[in-house]
Every structure is written in structure tokens, then in C-alpha cells.
Amino acid sequence: MGNGRAAGGQVGFKQKDVEPQIHMPILPEAAQERRSVLNSLISGAFAGAVAKTAVAPLDRTKIIFQVSSNRFSAKEAYRLIYRTYLHEGFFSLWRGNSATMVRVIPYAAIQFCAHEEYKQILGSYYGFQGKALTPLPRFIAGSLAGTTAAMLTYPLDLVRARMAVTPKEMYSNIVHVFIRISREEGLKTLYRGFAPTILGVIPYAGLSFFTYETLKKFHAERSGRTQPYPVERLVFGACAGLIGQSASYPLDVVRRRMQTAGVMGHTYSTILRTMRDIIREEGLVRGLYKGLSMNWVKGPIAVGISFTTFDLTQILLRKWEQGVNVER
């Protein structure tokens, strides 16, 4: 017991040396978890918004080619962008981006936050709590995160696709799209193309997160630095986007065709029937991989920016919290 008093005395003697640490509030575990979730949501939302806005003109051009039977080439894509700029103005290249933001902000927030949560759950289940996951759990965490986000935000993705391929006169705003689809095509239409979306997001999100996390782990082991430089993060994210989008691209084409069938004069009903019609009319490679070369430019840029922005925002939020706690 006497030792306890002596220890207490020693703590009192050294209090001035450790005062900043003692005055930092130690949050309960539940409060720390809530703060961690909130940070992930904010970082994910910001990352998604920045990445999608950066590549919005390329994304819109890709969707227009995906849903039409016109043959794709880099030259034709450039002509389309230039014609749109001449006839409709510079900002028309971002047409549908407001719908994209309405979708991508919650989508990215949920996806990144869910990924952090799934990593903890799988880490605890497989006995890797606090350590990097092994390859299979790493892939599963990414797939589950993408699936969760897609399920919760899908109607907004359909609305974005409709706005991207139609003239301004047809749909004036996001709410107008929802109203017209509900009246003219039925509420079920808001989930048309949902099946190929989920089938595509499993390999896309799984491989993207898996590749990014694997490259960061490999970098830490080889360089001895726990945190890569921003440029290195961009490169890792670009590699992740390239691999993920290439693996799931045919299902992305099918998804867009089914989403825009009502305004493009087609009647695509199932995944297999849509694939069969595309292959019969346009060929396997020219149909199901139409616009892939543009995606190899757009995708790595978007995913690289997204992962990098998320990581850096997380780091900044943690530093800001530490500064606030020290001031208290």
C-alpha cells in the first residue's frame, strides 16, 4: 500500500513535465468510435466530390458512348467534347455533375466509412486487430464497402446517368427526373440495372481497395516509412483504379444501357439479354468494352485523387483534433 502512495507522490512531482498529456481529455470508447466514424464520413464525402468533379467531362462523354451504338475512338470522344463546348457552353461539360454530387458524396462517404468499419470487424474476426489484413480479408472488406454504398445510393446513380445522356429540355433538375420516371415508367425503374451494378461493384471495389492497401503495405515494408508521400498515394490509387475498373467494365456498360433504356428507345430487361443484344449489334469488344480506353485515363485519375484526398483529409482531421485537445 505504501508503494501506492509513493507512486502517487512521484506522479505529483512530475506533473509539470507531463501536463499537456494529463489535460488531454480521454474520450470513452463509444465517443472515440463515433468520432472515428464521423471523420471517415467527412473524409470520404470530400474525397468523392473532389475526384468526380475533376473527371466529370470525361465521365459524361464515356456514358454517352456507352449508351449509344456509335463506335468509340479517342478522336470521336474529343469531337463530342468539342461540339458540346461549342453548342452548349463550357459548363455543359459538367451537365449532370450536380446529380453526380448528390449521389457520390453519400456514396463515397458510406463506402470509405464502411471500409474502415469492415476492416476492424474482419481484423477482429481473423485475429489481425491493429495490424494489416491478409489478402483475402482485404479484398472482402473492399467488396463489402462498395456493395453497402451501392445498395444505399443506387437510385441517385440512375438519375445521374439519365441527366448525362439527355438534353436540358427533358430534365430540368434532379427532382424533375425522379418525378418523370415515377409517373411515366414507374418506381421500379429507379432500380433498373441494380443487379449488374452489384455484380460489378464486388470486383471493382474489392480490387481497388485491395490494390491500394497492398501497395501501401508493400511500400511501408520496403521504404521504412509508415506514410507514403502524396504523389506516391496518387500512383497507388491510379493502379488500384486501373485494375478495378478493367475487371468490372463490361458490367458497367450493361448497367448504363439498362439505366437509360427508357430514354434511348431500347427495352433491356435482364443482364444476359442486354449482353446478348449488345454483342449481336456491336460485337464483343466494341460493345462491352466501348469507352474502356477513356476509362483508363479517367479511372486512375479519379481513384488516385479519391484515395489520396481521403487519406490526407483523415490525417488533417486527426491533427486538428490533437491541436484542439492540447488547447483544452
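Tutor: Contact means heavy atoms within 4.5 Å. This is a predicted model: local features need pLDDT of at least 70 and side-chain atom pairs pLDDT 80 or more, while totals for chains, interfaces and linings use all residues. Residues are numbered from 1 along each chain as its sequence is written, and side-chain values use heavy atoms, without hydrogens or water.

Student: How many residues does helix α12 have, and what does it span?

Tutor: Helices are DSSP runs (H or I, at least four residues), numbered from the N terminus. The expected span is 1.5 Å times one less than the number of residues. Helix α12, residues 271-282, has twelve residues and reaches 16 Å from first C-alpha to last, close to the expected 16 Å.

Student: Which residues of α12 are buried?

Tutor: Buried means under 20% relative accessible area, exposed over 50%, partly exposed in between (1.4 Å probe, protein chains only). Ile271, Thr274, Asp277, Ile278 and Glu282 are buried in α12. They lie on the same side of α12 because their arc, taken from the directions from the helix axis to the C-beta atoms, is only 135 degrees. Leu272 and Arg280 are exposed, on the face turned away from the buried side.

Student: What do the buried residues of α12 pack against?

Tutor: They pack against α9 (194-223), α10 (230-259) and α13 (284-288).

Student: What follows α12?

Tutor: Glycine 283 comes next, with a positive phi near 95 degrees.

Student: Is leucine 158 buried or exposed?

Tutor: Leucine 158, in helix α7 (residues 135-165), counts as buried because its relative accessibility is 0%. Not counting residues up to four places away in sequence, leucine 158 touches Ile181, Thr189, Leu190, Arg192 and Gln259.

Note on methods
Helix = DSSP H or I, 4+ residues; strand = E, 2+ residues; numbered from the N terminus.
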